[in-house]
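This report goes through one structure for a reader who has not seen it before.

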Amino acid sequence: MESESGPARIVRDVIDPARADALHATLGAGGEAPRVGMHLPPFWHHIYFWDCVPERGLGRDGHPRTGGLIPDTGFPHRMWAGGTVNWYLPAVIGLEAEKSSTVTRCENKTGRSGAFAIVTLRHDIRQNGRKCIVETQDLIYRAERMRQRREPDPAPTDETLSRSHRFSTVMLFRYSAVTFNGHRIHYDPDFAISREGYPGLVVHGPLLALLLTQFAEGILGKLSRFRFRAISPVMHNEIVDACAREDSDRLTLWVRGPDGRLCMSAEALPAAPA
């Protein structure tokens, strides 16, 4: 099965300061939470434009069942493989915004680990008719969760800057709540361990990407583009290092696990001077 871009799903939402306040508290960020009239920090758009599906419309893992915007690929296990975010104008807190989502690719493939499907989504976010954010998301669907079949890739050790992060069960629960993410691997340890084969609760890929984005912004200033790829899952009881290395025209970033494995790779580009 292979498909091109289909009909768009349009969701309108107010960039609510209360939700931004909730994410600010979830991240344990210092200082004052973003207020009405301020710019939405990068990657915080994930806490808006919820897909409000009743429980009867969810699959066994807590995600909305496919067959709506995302075609039914026949594979029940969903993994977030990565994505790219481009910022054009800042979204402003307190104003309504519109998100248009389309499927740009849905393709069945077979690899060394068996059959799977790749689904690519494109999200366009606008305020007052102006393009603010364009994000593409790559999702992989499999018949079963892919067990680790080889030694994990080692993470680079040539970073020039690094920052350690730890995660609590409360943090994962709150992030699931503020993003309206019902995936049980993030808050249901019995499901994550006995049904999915993980050693514990799994840290959200977008949460890791958000932390790398904030790290990048602290180094480069405003960003124009952020691209990331998930490599190896992070468990909630692991302390990981967010690492960065400045190259000639971009910032290379990665998340390194406590055993030295590569968990996520990314690159960030600064915004052009005003």
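A cavity is a set of grid points where a 1.4 Å probe fits but cannot get out, and its volume is the space filled by probe spheres set on those points. The model described here is predicted.

Rolling a probe the size of a water molecule over the atoms shows where empty space is left. In this model the count comes to one cavity of 30 Å³ or more. The largest cavity holds about 40 Å³ of space.

Its lining consists of His 165, Phe 167, Leu 208, Leu 211, Val 240, Asp 241, Ala 242 and Val 255. Sorted by class, six of the lining residues are nonpolar, one is polar and one is charged. Helix H4 (205–220) and strand E9 (240–246) each supply at least two residues of this lining. Strand E9 gives the most, with three residues.

## Strand pairing

Strand E8 takes part in two pairings described here. Strand E3 (residues 77–87) and strand E8 (residues 223–230) run antiparallel to each other and pair over five bridges. In this pairing, Asn 86 stands opposite Arg 225 in E8.

E8 also pairs with strand E11 (residues 262–270), again in the antiparallel sense, over seven bridges. Here Ala 230 stands opposite Met 264 in E11.

In soluble globular proteins, nonpolar side chains tend to be buried together. The largest nonpolar core of this model has 53 residues, and those with the most contacts inside it are Phe 167, Leu 207, Phe 226 and Leu 253. Helix H4 contributes the largest share of this core, eight residues. A second, separate core has 10 residues, including Leu 69, Phe 75, Val 119 and Leu 139.

Which residues does Leu 207 contact, leaving aside its neighbours within four places in sequence? They are Leu 27, Phe 167, Met 171, Leu 172 and Tyr 175. Phe 167, one of these, is also among the residues that line the largest cavity.

## Two loop residues with positive phi

Phe 43 is found in the loop between helix H1 (17–27) and E3. Its phi is near 75°, a positive value in a residue other than glycine. Is Phe 43 buried or exposed? The relative accessible area of Phe 43 is 1%, so this residue counts as buried, the cut-off being under 20%.

Phe 49 lies in the loop between H1 and E3. Phi of Phe 49 is near 60°, also a positive value in a residue other than glycine. With a relative accessible area of 7%, Phe 49 is buried.

Conventions: Residues are numbered from 1 along each chain as its sequence is written. This is a predicted model: local features need pLDDT of at least 70, side-chain atom pairs count only at pLDDT 80 or more; totals for chains, interfaces and linings use all residues. Side-chain values use heavy atoms; hydrogens and water are left out. On a 1 Å grid over the protein atoms alone, a cavity is a set of points where a 1.4 Å probe fits but cannot get out, and a pocket is an open set with protein on both sides within 12 Å along at least five of seven lines; lining residues have an atom within 4 Å of a point. Helices (H or I, at least four residues) and strands (E, at least two) are DSSP runs, numbered from the N terminus. Ala, Val, Leu, Ile, Met, Phe, Trp, Tyr, Cys and Pro count as nonpolar, Asp, Glu, Lys and Arg as charged, and the others, Gly among them, as polar. Two strands pair if DSSP finds at least two bridges between them. A nonpolar core is a set of buried Ala, Val, Leu, Ile, Met, Phe, Trp, Tyr and Cys residues joined through side-chain atoms within 4.5 Å. Buried means under 20% relative accessible area, exposed over 50%, partly exposed in between (1.4 Å probe, protein chains only). Contact means heavy atoms within 4.5 Å.
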